[in-house]
Each structure stands twice: as structure tokens, then as C-alpha cells.
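This report describes one protein chain. Please look at the sequence and structure shown here before reading on.

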Amino acid sequence: RKERIMRNTKKVISILLTLLMVVGMMSTFAFADTVKYTITVKKAEANHTYTAYQIFSGDLKVSDKTLSNIAWGSGIDNTKITGFTYLEKDTAKDIAEELGKQTGNEEAIARAFAKAIADKVDTTKGTVLTYDNEKYTASVTPGYYLIIETENSSNNNKNHVLADYMLKVVGDISLDPKDDSKIPTPGKTAD
């Protein structure tokens, strides 16, 4: 009888340890649809519209702030992305991996991809940042975002693009606007 109690106790302890290991592994990943981070555009003028389009989504590993299982984000128009290739790749996962392998000027690499993907966004699925006290903010899920700014002035129809054209959002992030009329917005092309 003592042996049977001991055997059962070992089984229960083994099961509990297994459950603790599973819970421990799960806690390093955040469920992308429940975790939210803030994008802030500082020193911004009123009468602008900043819209964040999620280009890539993924599962966030909180401990090292990486995204895995990359897929097209909610800001992509699925009818426009069909047949799209970049760096000779055609899936979100493969394109993201290939972009990660690129070396050199990171801003130029991000800018080139922003130009290529800008006309693939679904303009009805962006997250518009809200203006308050000289800054714009929005709460978004983890992923890679293209931020497009437009000025809402009848006198000046100027487009601006932020310094980081493609933002990796795995935590709260703040940016300053940058003038650059050469970057296309959805439906427009660069000169």
C-alpha cells in the first residue's frame, strides 16, 4: 500500500511539473490580439492624419521582443497582394526573412520596401492616430507597420512620411515627423 501511494505521488508530481513547464513556455509568448502597444508621433501639428497599416503580423515572444509565424497583417488588401513578390519572395514570412537578411543602410532598405508595399494596403483597415496636445497616438497589436501621414489642408496637399517608414512594434514607440514628398502614399507613386 505504501508503494502504491508513493507511485501515485510521483505521478502527480510529474504531471504538475509538466504543467508548470508548459505554462512557463506559454508565458514567454503574448497573444497578439490581446497585447497592445502605443505608437506616438511627437511634436506634431494639428490638421494631419497619421494612419498605421499593419503590414506583417506574428506571435510576439515578449522575453526577447521577436515576432515569429509572420503573416500578412490586417492592413494588407488580400486582393492586391496576390502575385506580389519582393526580393524574389512571395509570402509574408519569406519576404520578412529576406528583409531581415539585408545588410547596409537600414533606412534605405525600409524605404524601398515601403514604396513597394504602399499600394497594397487596404485604406479602410488602417488605424488612425488620435491628436491630443501636440502628439498623435494609437494603440496597436504587435507587428510591422507602415505609417502614412497626410495633411488635411486645402491650401497644401503635401504628404509626409515618418523617419522609420516600416516600424517594428513590439513595445511602445515614439517618433518625430519627417518631410519627404518622394515616398508614395496608397494610390500614388513616387516622382
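## Overview

How many helices and strands does the chain have? There are 4 helices and 11 strands, taken from DSSP as runs of H or I with at least four residues for helices and runs of E with at least two for strands, numbered from the N terminus. The model is predicted, and local features need pLDDT of at least 70, side-chain atom pairs count only at pLDDT 80 or more, and totals for chains, interfaces and linings use all residues. Residues are numbered from 1 along each chain as its sequence is written, and side-chain values use heavy atoms, with hydrogens and water left out.

Of the 191 residues in the chain, 37% are buried (under 20% relative accessible area; exposed means over 50%, and partly exposed lies in between, with a 1.4 Å probe and protein chains only). The chain exposes about 11,700 Å², of which carbon and sulfur atoms supply 51%; the areas come from the Shrake-Rupley method with a 1.4 Å probe, and for residues only the protein chains shown count as cover. Among contacts (heavy atoms within 4.5 Å) with a separation of 6 or more, 66% join residues 24 or more positions apart.

## The nonpolar core

In soluble globular proteins, nonpolar side chains tend to be buried together. A nonpolar core here is a set of buried Ala, Val, Leu, Ile, Met, Phe, Trp, Tyr and Cys residues joined through side-chain atoms within 4.5 Å. The largest one has 42 residues, and Ile 39, Ile 55, Phe 56, Phe 113 and Leu 146 touch the most other members. Strand β3 (residues 48–61) gives this core its largest share, 6 residues.

Leaving out residues up to four places away in sequence, Ile 39 touches residues including Ala 52, Leu 129, Tyr 136, Leu 167 and Ile 173.

## Aromatic pairs

The structure holds 8 aromatic pairs, meaning rings of Phe, Tyr and Trp (its six-membered ring) with centres within 6.5 Å; planes under 30 degrees apart count as stacked, over 60 as edge-to-face and the rest as tilted. The rings of Phe 56 and Tyr 144 are edge-to-face because their planes stand at 85°, with centres 5.9 Å apart. This pair links distant parts of the chain, with Phe 56 in strand β3 and Tyr 144 in strand β8 (residues 143–151), 88 residues apart. Phe 56 is buried at 2% relative accessibility, whereas Tyr 144 is partly exposed at 25%.

The rings of Phe 84 and Tyr 86 are stacked, since their planes are at 10° and their centres 6.5 Å apart. Phe 84 is buried at 9%, and Tyr 86 is buried at 15%. Phe 56, Trp 72, Phe 84, Tyr 86, Phe 113 and Tyr 144 form one aromatic cluster.

## Charged residues

The count of salt bridges is 4, each a side-chain nitrogen of Lys or Arg within 4 Å of a carboxyl oxygen of Asp or Glu. One of them joins Glu 97 and Lys 93 (3.1 Å, N to O), which lie 4 residues apart in helix α3 (residues 92–101), about one turn of the helix. Glu 97 is partly exposed at 40%, and Lys 93 is partly exposed at 41%. Arg 111 and Glu 107 also meet in a salt bridge, at 3.6 Å, N to O, and both lie in helix α4.

Is Lys 120 buried or exposed? Lys 120 is buried, because its relative accessible area is 16%. Lys 120 lies in the loop between α4 (106–117) and β5 (127–128). Apart from neighbours within four places in sequence, its contacts include Asp 77, Lys 80 and Phe 84.
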